[in-house]
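User: I have just opened this model and would like a short walk through it. Could we begin with how helix directions are compared?

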Amino acid sequence: MKNKPPKTENPATRPPIVVVMGHIDHGKSTLLDYIRNTAVAAKEAGGITQHIGAYEAEIEHDGPPALPTGQAGGETGQKRKITFLDTPGHEAFSKMRTRGATVADIAILVVAADDGVQPQTIEAYNTIKEAGLPYIVAINKIDKTGADAEKVKAQLGENGIYVEGYGGTVPFAKISAKTGEGVPELLEVALILADMENLQADAKQNASGIVIESNMDSQRGISSTLLIKNGTLKKGMFVLAGKALAPVRILENFLGRPVEEASFSSPVRITGFSELPAVGDEFKTYVDKNEAEEALSQVKEKTPSQTKDSKQNIKETEITIKMIIKTDTAGSLEALEKELMKLKDEETAIDLLKGGVGNINEDDARFSSALNKTVILGFNVGTDPSAKEIIDRNGVPTFTSDIIYKISDWLKEEITKRKAEIPREEIIGVAKILKTFSRQKNKQVIGGKVVSGKIVEGKAFKIKRRDVEIGEGKIINLQQGKKEAKEVSPDDEFGAMTENKIEIARDDEIIIIGK
C-alpha cells in the first residue's frame, strides 16, 4: 500500500509525483516528451525507454481550487509543479515499474486507442492497484487511423478497470501525445487528484527520499539519482543511502544543471558515493559529517556483509552458463539479470558469477579467462583496451549492445550452440524385468521381455522403477532360449547377466542406451 505522508511541523503543499505506466509502444515517453518539450525517447536505443527517469514540469493550472488558498489547489491560473516518473514498459522491467509506483503519489495508465488493452497494461494496472495509487487512464493515439476509445473503455471494463461513464469512477482523458490534444485536461485531472491526496512536506527538515537510479561515471565516480520526498537538500550536507555515503559537493537538477539546493518532489543527482547505492533504497541527509558517519556505522552493524554462494541453488543440468554482466546503471543490471534468467530450462543452468556497473575491465577479463567458457555480457558499456586484449587472446565469449533484448538473443544462440555439443544418448531398447535370480557383489542374473527396440550385449542401461531413474548398469552376457545371443528383438524374452550397483527388482524397466 502507498506510504502515509510524513508528519510535518511546518506543512507546505508538496508537488505530486506522477508515475506514467502502460504497455510498450503505447506512448508513455511521447507523452512526457510533449509535456517537457524534449525528445527523451529519441535518445533511447531502439526507441525503447530502458532507464527510469524523473522529470519536473511546470503546469498552468486553470482548474477550480479544491482547497483554500495557500493549500493544495489554492488559486486558479497559478503555475504548479509536477514531477513525472517515466518507467519502461517491457516485462523485463517489472521490478523497475514496481519501484516507480512505490515512490509515486499518482499514476497515469496509458492505453493506445488503436491497440487496446495488452498484457503489460494489466500488469501495470495490478502494480498501481497493489501500491494503492489513485490513477487516471490516458487513452492515447486518438489521432491515429483505427483509434477506438469506446472499444478501449469496454476492454478496460472487461479487465476490472471501470472508467467514468462505463460503470465506474476512474477518471480518463482522451489524448494524442503526438499533437498534444487532451494533454492539458489530463494534467488538470492529475492536479485535482493530488489536491484530494493533500500532499504535504516540511522544507525545514533535512531531505529524505528514495534512490531511483545509480551508475558509475568513469570520470566523476559513483552517481545516483535521488527523489526527495521530504525536506531540503543543500550543498555541503551528507547523504546516506544504505551503506553508501556521499558528501554533497556536486548537486544537479534533472536537467543536469548545478544547483545550490533542492526540496521535496525534486529529482536530483549526487556524485561521489563511497559505494553504489542500491536502487530503491531510502536515503537520509545530515548536516554534520560525524553524525553521518555514526549513522553509517550503525547501518553496518545491523547489516553484516554476506558472501553469496552463487552455486548454492544451481541444480545438476546438462550445461551451466557462467556469466559476468556489466551495465551502465544498477537498474539496468537488475533488469538484464532478470531477462537472462528466463533462459534457464531443464538442461540449462545460468550462474551469475559477477555483476557490476561500469565498463568491462581487466579484472572482468581475467576472471572470465580463469573459468572455462564464462561469458561476458555488457549493456550500454564499453570494453577497456586492456580487457579487450585478454578477451581476444583467450577467446572469451563476449557480447555488448545498447538494446537489452539483443543480449538475450545472443545468449539464447550461445545456449543452443552449447546444447548441440552435448553428446546425446540414443535409446536402443526398453525391457521389462519379469524375474530376478542370483546376485553376487555387483553382478546379477535377470529375466525379462523386450518392450521396444532391442537388447544388445555389452551395452549400458539405466534402471527405472515406477518411472523414476534409480541407477545404471551394463549387460555382460545375453541369452535367448538358453542360447547365447548378441541381441534380442521386440516381444522376445531373454536372460542376462548384468553388472550394476543398484539391485534390479521385478517390474523394473531397463533402458538400453548407446552413444
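Predicted model: local features only at pLDDT ≥ 70, side-chain atom pairs only at ≥ 80, totals over all residues.

User: At what angle do helix α1 and helix α6 pack?

Analyst: Helix α1, residues 28-36, packs against helix α6, residues 183-197, at an angle of about 90°. The two helices are therefore roughly perpendicular to each other.

User: And how far apart are their axes?

Analyst: The axes of α1 and α6 lie 11 Å apart.

User: Which residues meet there?

Analyst: From α1, the residues are L31, Y34 and I35. They meet V183, L186 and L187 of α6. By class, this contact has six nonpolar residues, with no polar and no charged ones.

User: Changing topic: where is Q120 found?

Analyst: Q120 belongs to helix α4, which covers residues 119-131.

User: Is Q120 buried or exposed?

Analyst: Q120 has a relative accessible area of 12%. Buried means under 20%, so Q120 is buried.

User: What does its side chain touch?

Analyst: The side chain of Q120 makes a polar contact of 3.1 Å with the side chain of H23.

User: Now the whole chain: how many helices and strands are there?

Analyst: The chain has 11 helices and 30 strands. It consists of 515 residues, of which 49% count as buried.

Technical notes:
Residues numbered from 1 in each chain as written. Heavy atoms only, no water. Helix = DSSP H or I, 4+ residues; strand = E, 2+ residues; numbered from the N terminus. Buried < 20%, exposed > 50% of the residue type's maximum accessible area, 1.4 Å probe, protein only. Polar contact = N/O pair within 3.5 Å; in protein donor to acceptor, adjacent residues only side chain to side chain. Axes fitted to C-alpha atoms, helices over the stretch in contact; angles between N-to-C directions. Parallel < 35°, antiparallel > 145°, perpendicular 65-115°, else oblique. Contact = heavy atoms within 4.5 Å. Nonpolar A, V, L, I, M, F, W, Y, C, P; charged D, E, K, R; others polar.
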